[in-house]
Protein chains: 2
Amino acid sequence: MTLTIEDARLYVRLGTHYRQAIRQGTLPPGARMPSVRGLMALHGVSMSTALQACRWLEGQGLLEARARAGYFVAAAARQGQTPRLPPAHEPAVAAPVDAARYVGVHQKVSSVLERALRAQVRVNLAGAVAAPDLYPLERLRQASLRVLRHHALHLVTPSLPGGEPSLRAALARHALEQQLQLRADEIVVTHGCTEALTLALRAVTQPGDVVAVESPTYYGLLQILESLSLQALEIPTSPHTGISLPALREAAARTPGLKAVAVIPNLQNPLGAIMPEAAKQELLAWCEAQDLALIEDDSYASFYDGPGTLRPIKSFDRSGRVILCSSLHKILAPGMRLGWMTGGRWQQRLEMLKYSQSRPNEALAQLAVADFFKAGHMTRHLRGMRARLAQQREQMAEALARHLPRESRMSLPSGGLSLWVELPEGSSSEVLFEAALAQGIRLAPGAMFSNSMRYDRFLRINCGLPFDAQLREAVACLGRLLAPQRAHL
Amino acid sequence: MTLTIEDARLYVRLGTHYRQAIRQGTLPPGARMPSVRGLMALHGVSMSTALQACRWLEGQGLLEARARAGYFVAAAARQGQTPRLPPAHEPAVAAPVDAARYVGVHQKVSSVLERALRAQVRVNLAGAVAAPDLYPLERLRQASLRVLRHHALHLVTPSLPGGEPSLRAALARHALEQQLQLRADEIVVTHGCTEALTLALRAVTQPGDVVAVESPTYYGLLQILESLSLQALEIPTSPHTGISLPALREAAARTPGLKAVAVIPNLQNPLGAIMPEAAKQELLAWCEAQDLALIEDDSYASFYDGPGTLRPIKSFDRSGRVILCSSLHKILAPGMRLGWMTGGRWQQRLEMLKYSQSRPNEALAQLAVADFFKAGHMTRHLRGMRARLAQQREQMAEALARHLPRESRMSLPSGGLSLWVELPEGSSSEVLFEAALAQGIRLAPGAMFSNSMRYDRFLRINCGLPFDAQLREAVACLGRLLAPQRAHL
Ligand SMILES: Cc1ncc(COP(=O)(O)O)c(C=O)c1O
Ligand SMILES: Cc1ncc(COP(=O)(O)O)c(C=O)c1O
């Protein structure tokens, strides 16, 4: 049974409605879920939509199917009783922002990475990476085999500037789901979002310039700023609604040399924040008024499992102000290194920079992924992956609430691979990192996500791995390690 | 029959000896070649070496096998009578070099590329690119299939920093043939030599700095300089012995901000020049004394079909002064975008820049090529490709000599994909480019290879395609187009 995109939207909408009812206790554990026919009558949906909604809830561990009796709210779904950490704090927006500074995270980040590589790691909570079995390995393999069977000549012929037309067309079609209207030839295929971000920053800045970023933000972005001798202006960012526009405006007024704003508006890494559409439009209008480039990293939007879809800021852009950078790394194939971008008014310059920096990407991976898209597998894959990630996030959140000190805080984002945890006053994630590593547990300390020392009390926790006893035990171990830290208070 | 590397060296040495004899007319067309037993006795070589030498000469069209009678000098090998253009001029070294300048080739290069893309091209003489059938497509395909059969998990797992260990080990082993001692972990796999050059320049310069380059040089290098806001100091370069060291020394003394020298010492593009070993060592010592980085692009060395092998400057480097950049694009697989580099004292910085610029290369192409190396196919492939390129170069050189105006000049390099042709006074390769394009013939005008207007009287001609009637006719057409240009004199 193939669902169209419209169907998909509908069943997620329906499922979300019932998820809320379950979480709020309106439908308590053990309660009978309306039957499929009941759902059809109540909501005027088709049988397939009703069924998909139930399966989606089942996939998240909220419903259980009982033979011949239908669906019931799962015992484990006692949302009322499920322990939950209190929600994350909003950042202090009133306090003045640090002045723009040259970035020096590389030393810190690579010493963390290197110490972790030298250690015996049993449990890796550090990455923002999903387990291999959340990806459609066999379909990608078959697509790659088909390409080698029919298009092997690409191995020995130079690849095309901008990327393979079939992949660019597939990406343009896929972008339509996010209300993004792009022609295939406006898309440049890159080596991951990382290369796209590098090209975007090279296109709009010179060394010494200032770029405003969210605080905290993805350390890879900070490393790129550092490698290009750019200064970062870190703007307080809400774990719920993203970058603070008042703080940005205020800081910009005091900052000469500001050339660009680089944000991750959808499911921000590490916060999981989602900018409301009005804020996206406001940021865009402000960048327009200030004549700043707006660089948008949209690598995670497809992981959103709330109702509807998340629009990139680019979808509101009428003047070519936004450079959109994205990736198939997280959502489809971590081993294929495929990213893409579209550059608005900087498109020509970006094409030149891509060509002079690394030439077009090799063709085979592009053709295989185009084949995967063409066969219509993408929508279904994402649906399944979102459901599994939602379940893993829930399970991890519950374990953290059970085992971390009660003064810890965390908000559960509506998608993505990670959780951002605030530890109680007096804890240090650097100290915890060392102690956990000695136990074979790898962590991503908060300090990696900023050019300041502001986030030593935070941790980013990976939820990409299927939750199991070992993960639970690792979280329990973190709780034990944190207890003595707090005893010093 | 598998030849060891030692054998391979020996048979090329032997073959080169007889090639010279044939070219100089010592062995005229129709003459009988010494028999295999004769060669064994005369030169003290094994039967396999003697046989390979004869086949190598046969592959170049210099010998013909006659059934049961042995090898004879081919009728077409009348080197004495083969028309040849007079050798290229040495550059004027005494004249003062242009001051260092910001590079602005991109507009010129891309307008040439774009006009060519819009035209109906029948014959492409513009690239530095070999025909697909000069590459081991089927073996690469089989290797790729094997990787997908056994290591498909790499499609969905993040790739390793620095590159796949098996490829790095294979490249290190291969480098031994050039007397280059590298550990596998000193090699960083990149997206082509282009990315390697970008990283090398990013590692050792800041915008505004000056880089000394050969004049003429590969336009891709100039585009990288331009995209990084670097200045080029163009140094006169001999078509035979490469960059002029006296001119370099003299220009450097007048140039503040010089940070690096970037050269292609082996089979330079576009000249085909080869720096003598003494010059390589002298350049290295001078860079050491001046505290300049020496960036070496060695993409073409494996195409050398003279005796012995060409050593990269890196093989003389004891202090980590040289950043070596290389590629498998030209010599093995134009569609796989695999390059590599090793960075001496800048190794750590290069690893950081590679990671922050594009993350490690995807694994599959790397594993397939490692498999190809491991199966021992590389040496044999290169031997065959060199022989075919040598023949194609000879045929093209002969056609050019027959059809271009007699005042044209050209030296035949000892390997590689291209010929660098000097047209008679009063000709313009830009004008010729337009006229030829109207006839469906695509050219690479000399102006692309410099940041000055110095090379409008030069053309780079591709010899990567099997020589056929269409190519011959295209060359004849160039001759006809050049005639009226010269009538204006
Ligand atoms: C926000 C964000 N952008 C970009 C990347 C890297 O993208 P890619 O692997 O496609 O280069 C990551 C990976 O962690 C990320 O979290
Ligand atoms: C001297 C030289 N270096 C580098 C390159 C490009 O290398 P790659 O295709 O590996 O990026 C070329 C291609 O023409 C070249 O001639």
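**Chain folds and ligand shells in a predicted model**

In this predicted model, residues 24 or more positions apart make up 76% of the chain A contacts with a separation of 6 or more.

User: How many helices and strands does chain A have, and why is it as compact as a globular protein of that length?

Analyst: Chain A contains 15 helices and 17 strands. The globule rule gives 23 Å for 489 residues. Chain A is as compact as a globular protein of that length because its radius of gyration is close to that value, at 23 Å.

User: What percentage of the residues of chain A count as buried?

Analyst: Buried here means under 20% relative accessible area. Chain A has 489 residues, and the share that count as buried is 63%.

User: Which residues come nearest to ligand 1, and which helix gives the most to its shell?

Analyst: There are 13 residues around ligand 1, and the nearest are Thr194(A), Asn269(A), Asp297(A), Ser327(A) and His329(A). By class, the shell holds 4 nonpolar, 6 polar and 3 charged residues. With 3 residues, the top contributor is helix α7 (residues 192-204) of chain A.

User: How much of ligand 1 does the protein bury?

Analyst: Take the polar contacts to its oxygen atoms: a polar side-chain atom of Asn269(A) lies 2.6 Å from one oxygen atom of ligand 1, and one of Ser327(A) lies 2.5 Å from an oxygen atom. A nitrogen atom of ligand 1 is 2.5 Å from a side-chain N or O atom of Asp297(A). Taken alone, ligand 1 exposes 400 Å², and the buried part is 96%.

User: Which helix supplies the largest share of the shell around ligand 2?

Analyst: The shell around ligand 2 has 13 residues, with Thr194(B), Asn269(B), Asp297(B), Ser327(B) and His329(B) the closest. It divides into 4 nonpolar, 6 polar and 3 charged residues. The largest share, 3 residues, comes from chain B, helix α7 (residues 192-204).

Methods. Residues numbered from 1 in each chain as written. Chains lettered and ligands numbered in written order. Predicted model: local features only at pLDDT ≥ 70, side-chain atom pairs only at ≥ 80, totals over all residues. Heavy atoms only, no water. Near = heavy atom within 4 Å. Polar contact = N/O pair within 3.5 Å; in protein donor to acceptor, adjacent residues only side chain to side chain. Areas by Shrake-Rupley, 256 points an atom, 1.4 Å probe, with all protein chains shown as cover. Helix = DSSP H or I, 4+ residues; strand = E, 2+ residues; numbered from the N terminus. Nonpolar A, V, L, I, M, F, W, Y, C, P; charged D, E, K, R; others polar. Rg over C-alpha atoms; globule rule 2.2 N^0.38 Å. Buried < 20%, exposed > 50% of the residue type's maximum accessible area, 1.4 Å probe, protein only. Contact = heavy atoms within 4.5 Å.
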